[in-house]
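Hi,

Here is the structure I promised to pass on.

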Amino acid sequence: MILFPQPQSMEVLEGLYTLPVREEWQDLLTFYRAVQSGIPGVTVVHAPLMAREEYQLCVGEDGVTLCVSCDEGLFRAATSLQQMLLRTGGRLQHVRIQDKPALPRRGYMIDISRGKKPRMETIRMMIDYIASLKYNEFQLYMEGDCFKYAAYPKETADFDCLTPENIVELDRYCRDRFIDLVPNQNSFGHMYTWLRKPDFHHLGLFEREDEVPSTLNPLLPESFEFVCNLYKSVLPHFTSEYVNIGLDEAYGLGRYQIEEYCREKGKDVVFMDWLNKLNDHIRDNYGKKIMFWADMIYNYPQIYDRVPKDAIALEWGYELIQSQRMTAHCIAYRDAGVRYYVCPSVNTHGSLTSRMDVTTFNLRTCAELAVEYGAAGYLVTDWGDGGHYQQWCWSMQPIALGGQYAWNPGKEQDGESFKAEFIRAAEDYTDEFFFGGAKVSRLMYRMANYYLLEPERVHVCTMSAKQLTLPLDVTKFAHIFDLKDSGDDFYFDNVTAYVRKVMADIEKLDFDDRLKREIRLTAWLIELGSEICKVKLHLQESAGKVDELVAMIDRILPEYIEIWNYRNFEMGIARFRDYLISRRAELLALKG
C-alpha cells in the first residue's frame, strides 16, 4: 500500500515521475509550506466545488497536480504527497487519487490527569503523529492537578504541569496543522482529585465524612461556582468552538445527600438540569458548544429532547459487547436528532499493551457504525487509569489504525478477514514512522495479546496488569474476577514464557533505543504481574520466590522512573511507583 490511510479511490497507472526529495521535507509542516510557496513539478489547482478536506492527487508525465478548494484540502493533499515521496525516495508511480474523509471530525484524546502529564515536546510529538494520519481534532483530558488553574493557584504551586501559555502554544501548533485543540475538563463525575482536598470535600456526594467522593453535588450553588471557575481558568486559552465537559461515570448521582431529591425528580432529569446549566453558561460566556460523555443518558431515550441543540454526545465503549451495543444507541441518537461521536479506545489502560484483538474490533466497529448512522465524529481515547503505567508506544499502532478507519473504513466487513489489510498497513506505517523501518509492530501486536493465555478474559484490563496494583492478600477485583478461581500456575507460566519469547525476538531488531527500553520495561511489568499472580495463588508457600521478585522490582523501579521523567512531568509518578514499592514490602514480609 503506497499510501496510509488508504484513500477513497486510487488508480495506479503505468509510468514513473521523479521528484527530488529535500531533507527538510521530512517535517510535514515544512513540506506543506513548500507546496504552498511552489515546488517545481508540483501544480496546485483551485477547485472551488470540492469539500474542505477533499483533494485530487495525480502523478503523470508532466509532474504532480493537486486539486483542492482551500488550504485545509491542500494540507491533506500535501500529507499524502509527502508520504509518497518519503516512501519512494521521490520515484513516484503515475497515479490518480480521489480522496476525502468518511467522517468530518477525527480525533485523538490523551488523559493527562491520572498519572502522566506529558511534557510539551511529548505532546508536540503526538500532534505531529496524528497530523500525519489526517486527524483533525486533539483533546487533553483534564480532571485536576494537571494545569495551572488561575482560580486556584495554590493547588499546583508546588509542582510543574501545563500552563496557560503552554495551551496557547499548543493551540497554535495544532492550528498550523489543521487540528482543532478541544478543551476537555470534567465537571461532574471523576472529580475525586479535587474533592479529596479539604477546601473542596464538602462539594461532593458521600455517605461518610472520611471518604473521598468522586461526584459533585449538583444541587449546591458552590459546586456550580467551582466548575465555572475551572472553565474561567481554562477556556480563554483555546480557540476551538467546542469544549468537552465530561460528565461521565457520575456514580454519586441518585445517592447520598441527593437521593430523595433524585427519587422525586428522576436521576435523568437531575442530570439534564446540570448538563443544560453548564451548556448555557459556556455558550453565553465563551460562545462555545459542548461535548459530553453519553453513558449517563443512553439508558434514558425519553430525555433526548433535552440535549442542547448544538451539543455533541460522546458514545463510548471499549469492549466487544459494548461495541455491539452501540448500534442501538447510534440509531436512537440519529432518530432523536442528537449529534454524536463514536469513541473507541487504544485499550492500553489496565493491560499495559492494549488487547489488540479487542482493540482492532472496537476501532473498526465504531467507524462502521459512525458512517452508517451519521455520526459527527470519531474520537480515539487513551486513558490513564491506575496511574497511567503503560508506555505511549503501545498506543501508536491503534492510533494509526483509528486514523485509517476515521478517514476511510473501507468496504463492509465480510465476517472473515477483520480487515487484516488495514491492520497490517497500520503496522507498516508505525514501523516506518517510529522504528526506522524495523518490523517491530507485528511483534508488539503479538505481545499485546498475552492476556489470551491468562485463565480468564476480563473487562477492560488483564489479570497480570491489574494485580500489580492490588495488595498481595487481595485476589478479587470488584465483580470482574477472583484469582482463587484461576486454577494453577500453568496459565501464568505460559504468560511469562510467551512474553519472554516475544521480547527476545524484539531484542534482535535494531531500532530506537529509548523505544526498545519502553517495550522492554512493559515486558518486565507483565512478567512481574504474572509471577505475582502465582504468589497470590500460593501465598503461604511463596517465601522461596521473594528474592527473585524483589530483584525484579529493584530492576524495574529505576528504569520506570527514568523513562517516565524523559517524556513527562515528575508529578504523578508516585501513584504506580508506590504500588511497586508496596508489593516489594509485602513480598519481603513473607520471609518473616
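**The α16/α17 contact**

On the α16 side, the residues in contact are Arg 514, Leu 515, Arg 517, Glu 518, Leu 521, Trp 524, Leu 525, Glu 527, Leu 528, Glu 531 and Val 535, and they meet Leu 549, Met 552, Ile 553, Arg 555, Ile 556, Glu 559, Tyr 560, Glu 562, Ile 563, Tyr 566 and Arg 567 of α17. Sorted by class, this contact of α16 with α17 comes to 13 nonpolar and 9 charged residues, with no polar ones. Keep in mind throughout that this is a predicted model.

As for the geometry, α16 covers residues 513-537 and α17 covers residues 546-567. Their axes are 10 Å apart, and the packing angle is about 145°. The crossing of α16 past α17 is left-handed.

**Salt bridges**

The count here is 48 salt bridges.

Start with Asp 505 and Lys 501, whose closest N and O atoms are 2.8 Å apart in a salt bridge. Both sit in helix α15 (residues 490-507), and because they are 4 residues apart, about one helical turn separates them. Are the two partners buried or exposed? Asp 505 has 18% relative accessibility, so it counts as buried. Lys 501, at 48%, counts as partly exposed.

Arg 364 is buried, with a relative accessible area of 5%.

Then there is Asp 428 with Lys 439, a salt bridge at 3.2 Å, N to O. This pair links distant parts of the chain, 11 residues apart: Asp 428 belongs to helix α12 (residues 420-434), while Lys 439 is in the loop between α12 and α13 (441-448). Asp 428 is partly exposed, its relative accessible area being 31%.

The network is worth a click as well: salt bridges link Arg 52, Glu 53, Glu 72, Arg 76 and Arg 106.

**Cysteines**

How many disulfides did I get? The count is 0. For Cys 262, which is in no disulfide, the nearest cysteine sulfur is that of Cys 228, 20 Å away. Cys 262 is buried, with a relative accessible area of 4%. Cys 343 is not in a disulfide either, and its nearest cysteine sulfur, from Cys 366, is 7.6 Å away. Cys 343 is buried, with a relative accessible area of 0%.

Phe 4 and Pro 5 are joined by a cis peptide bond, with omega at about -5°. Pro 5 is in the segment before β1 (9-18).

Glu 249 is not a glycine, yet it has a positive phi of about 45°. You'll find Glu 249 in the loop between β9 (242-244) and α7 (259-265).

His 388 is also a non-glycine with a positive phi, in this case about 55°. His 388 lies in the loop between β13 (377-382) and α11 (396-407), and it is buried, with a relative accessible area of 5%.

Cheers

Notes:
Residues are numbered from 1 along each chain as its sequence is written. This is a predicted model: local features need pLDDT of at least 70, side-chain atom pairs count only at pLDDT 80 or more; totals for chains, interfaces and linings use all residues. Side-chain values use heavy atoms; hydrogens and water are left out. A salt bridge is a side-chain nitrogen of Lys or Arg within 4 Å of a carboxyl oxygen of Asp or Glu. Buried means under 20% relative accessible area, exposed over 50%, partly exposed in between (1.4 Å probe, protein chains only). Helices (H or I, at least four residues) and strands (E, at least two) are DSSP runs, numbered from the N terminus. Axes are lines fitted to C-alpha atoms, for helices over the stretch in contact, and angles run from 0 to 180 degrees between N-to-C directions. A crossing is left-handed if the near helix is turned anticlockwise from the far one by less than a right angle, and right-handed if clockwise. Contact means heavy atoms within 4.5 Å. Ala, Val, Leu, Ile, Met, Phe, Trp, Tyr, Cys and Pro count as nonpolar, Asp, Glu, Lys and Arg as charged, and the others, Gly among them, as polar. A disulfide is a pair of cysteine sulfur atoms within 2.5 Å.
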